[in-house]
Number of protein chains: 4
Amino acid sequence: MLEMLKQEVLLANLQLPLHGLVVFTWGNVSGIDRERNLVVIKPSGVPYDELRQQDLVVLDLDGNIVEGNLRPSSDIPTHLALYREFPAIGGIVHTHSPWATAWAQAGRPIPALGTTHADYFYGEIPVTRPMTKEEIDRDYEAQTGHVIVEAFKAHNIDPSHIPGILVQNHAPFSWGQNPDNAVHNAVVLEKVAEMAFKTFQLKPEVSPMSQALLDKHFLRKHGVNAYYGQ
Amino acid sequence: MLEMLKQEVLLANLQLPLHGLVVFTWGNVSGIDRERNLVVIKPSGVPYDELRQQDLVVLDLDGNIVEGNLRPSSDIPTHLALYREFPAIGGIVHTHSPWATAWAQAGRPIPALGTTHADYFYGEIPVTRPMTKEEIDRDYEAQTGHVIVEAFKAHNIDPSHIPGILVQNHAPFSWGQNPDNAVHNAVVLEKVAEMAFKTFQLKPEVSPMSQALLDKHFLRKHGVNAYYGQ
Amino acid sequence: MLEMLKQEVLLANLQLPLHGLVVFTWGNVSGIDRERNLVVIKPSGVPYDELRQQDLVVLDLDGNIVEGNLRPSSDIPTHLALYREFPAIGGIVHTHSPWATAWAQAGRPIPALGTTHADYFYGEIPVTRPMTKEEIDRDYEAQTGHVIVEAFKAHNIDPSHIPGILVQNHAPFSWGQNPDNAVHNAVVLEKVAEMAFKTFQLKPEVSPMSQALLDKHFLRKHGVNAYYGQ
Amino acid sequence: MLEMLKQEVLLANLQLPLHGLVVFTWGNVSGIDRERNLVVIKPSGVPYDELRQQDLVVLDLDGNIVEGNLRPSSDIPTHLALYREFPAIGGIVHTHSPWATAWAQAGRPIPALGTTHADYFYGEIPVTRPMTKEEIDRDYEAQTGHVIVEAFKAHNIDPSHIPGILVQNHAPFSWGQNPDNAVHNAVVLEKVAEMAFKTFQLKPEVSPMSQALLDKHFLRKHGVNAYYGQ
């Protein structure tokens, strides 16, 4: 079942080491079939160079395994929470890519400093609030999803406009219309994090880019009259 | 038509990922035939590993498409503005290479700190002024070209002496006698940006190199009595 | 003799250049057979691309060579000291990987700042005290082992909980249940050192992560009820 | 003539791009036959991937071309000055490797901060004084050699103990017993520059390593009783 989606999820997972976003098994990609409400995700602990399509795990949105002989990634409750709350997204990526992780560990959001950022993220990339001991102890991976959702709802941000976030003291999650697009956004997030880091080293007091330039770049690419392509 | 130039432009575009200057399609190279006043440029949104010579787009200096079935890079109005105003250049490169982009985002020009810089750039690499909301809203890509030209005219800089610039809150543009030379200068600009970044981390109060050393290195390579080669 | 262990030690040594942890011969891996109390280690000065299984050197825990025609790595007394004092470890790695070495040269321990760290190191990664002139002059490599052991004993740290250390003004040592696991921990230590460096650049006053989050990540992977895998 | 030496010089030149020390033709290696007082060096401007043994240029110590159809690297007067003044060296390397170049541009010597440094450089790696306008204008490349020699003579440093230097506002030169060893030291210098940069970011007030540790590491490898090898 879901062979097309499984192939997309497999290929998207294999993109992670190719883009230098992961070492060992530090990352995972999932995808969702919105008609059947079924999620396909990488199994837990399988190295990327041994990963096969039949190893992928299929679950429903409540976390029940529908198909697959291996355990799903232990981050699956985070993925499921995001799929439930962000109905427009079709794929999710989690990595510990180093530049984005540094911002997550510093607990700092990444402001929009230039057009590379503005082409994909329509404003600051947020960081989640610290999780409480109770949230960590009770239901950690699901609560990780909840603090992500909370960050978007609190500021009324459309997850299609900001397709990623930094989980504090942890690492980035990103998403997209499908698994491939989610990986694309994970690569962009890492590049944007690198550029922003270097910008702050050069100018600690730097201000965000102008709203006019942010609007121009995001909307020429994602707005109703999009025309952009390099 | 223009098959030789198309081949040059194709090969120059393919150099961008090989030199690590681009991810995805974040970059483009164009070339101009000065006798016919025709420009060849990368089409919009085509990945580098699928790019073929017949995909390239030919335009006149007013932006009319003369040949090609695909849309040109959306940066084409910037390229055209530079070709119109800088008659000595034969190729243009735009990338979002990370070190140069960090300087562009910080809004800081790159001073000449050493001979690597002086071998190619005869003084500080400038940064454009911020664009106004009106410029951004009206005719963004053409106005990007105009602020570049303005930066050179305001300080009476010869674009052959400083073959590149940082567009503020955006990224670098560079150029050269032909597309291949423009890519060469894009690589140099990125390396110089990296070295200058690290130099300022080591010595925030560093001064530019001496005029005598700047003259020596630039002129032994580009002056009328050039003799340099490593 | 010990052909299985030799093969493990050979493969583990070859992982070092593949993971970018060494240039030239700046690193070595050893493994121990705990039943026979025999240690297998890389020979001194042999380049990784010429290293063969029969080149490995076998020693007892007193440093007597039991098999092998080449000299063992000159770091062997450090390895032996660790095997004698840390009975649970089965493999040791020494490299001069640049991020971890920078922390060692700065004499700064690496605090636990995020979950990448917490997945493998249950708290701060310590740095040894400076060695005295007498220790350096008398029996340098063995004394290096002693200051490592001293750092763990002084703070009552279980070497299985913190599988690595920074030797001050020198470089990291790491270990694990076997040679392959020791290399795995060396890679993690280098990545954690990189992320922590960047975090401190972004936020010099950053605090360690919460104990609850540190507990959660370390114990879900290494505790009696471990369930973790990405 | 000098076919063995030419092969050594060719192979040493090809090591530069493999070790990531050069882009384009930003570097060169030479070697000397001390019996005949003849120097072999890379020709000017030839890309590394097109370089052939017969392209190398042979000169005497006064700079007269003895064999070869191409111009020698324009840095040849610097090489010749060093061969004349440092009789124990057999090979010289010049690159613009980015970490070492950053220190050169900052005009800062690299103090001995750890054992990676001490294994190869017996103390601080010096930086030349700024060159005067007269020196630059008159006989630039030869004067570059002279300020290098001056830095060693002024502090009575043995060039075998410190096999490299930073030329201010320019880039590193390094040397060794032969061309291959000179490249080895160029790689070490770049790595040491990287580690020292990162160490100063972590601890701006860091002190040099102890003399005892510096002695131990340098002398166990280069002293009369050398025994070292990893």
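What follows is a quick tour of the interface between chain A and chain C.

Housekeeping: this is a predicted model, so local features need pLDDT of at least 70 and side-chain atom pairs count only at pLDDT 80 or more, while totals for chains, interfaces and linings use all residues. Residues are numbered from 1 along each chain as its sequence is written, chains are lettered from A and ligands numbered from 1 in the order written, and side-chain values use heavy atoms, without hydrogens and water.

So, how is chain A related to chain C? A rotation of 90 degrees, with 0.0 Å of shift along the axis, puts A onto C at an RMSD of 0.0 Å (least squares on C-alpha atoms of residues with pLDDT of at least 70 in both). That's the relation of a four-fold axis. In chain A, the C-alpha of Q201(A) is nearest that axis, at 5.6 Å.

Now the contacts, meaning heavy atoms within 4.5 Å. 32 residues of chain A touch 31 of chain C. The copies use different surfaces, with 3% of chain A's contact residues recurring in chain C.

Together they bury about 2900 Å², 58% of it on carbon and sulfur; that's accessible area lost on being put together, 1.4 Å probe, summed over both. F24(A), W26(A) and Q105(A) supply 24% of chain A's share, more than any other three residues.

Finally, the rule finds one salt bridge across this interface (Lys or Arg side-chain nitrogen within 4 Å of an Asp or Glu carboxyl oxygen). R220(C) meets E141(A) at 2.5 Å, N to O.

Conventions:
Buried area is the accessible area (1.4 Å probe) that two parts lose on being put together, summed over both.
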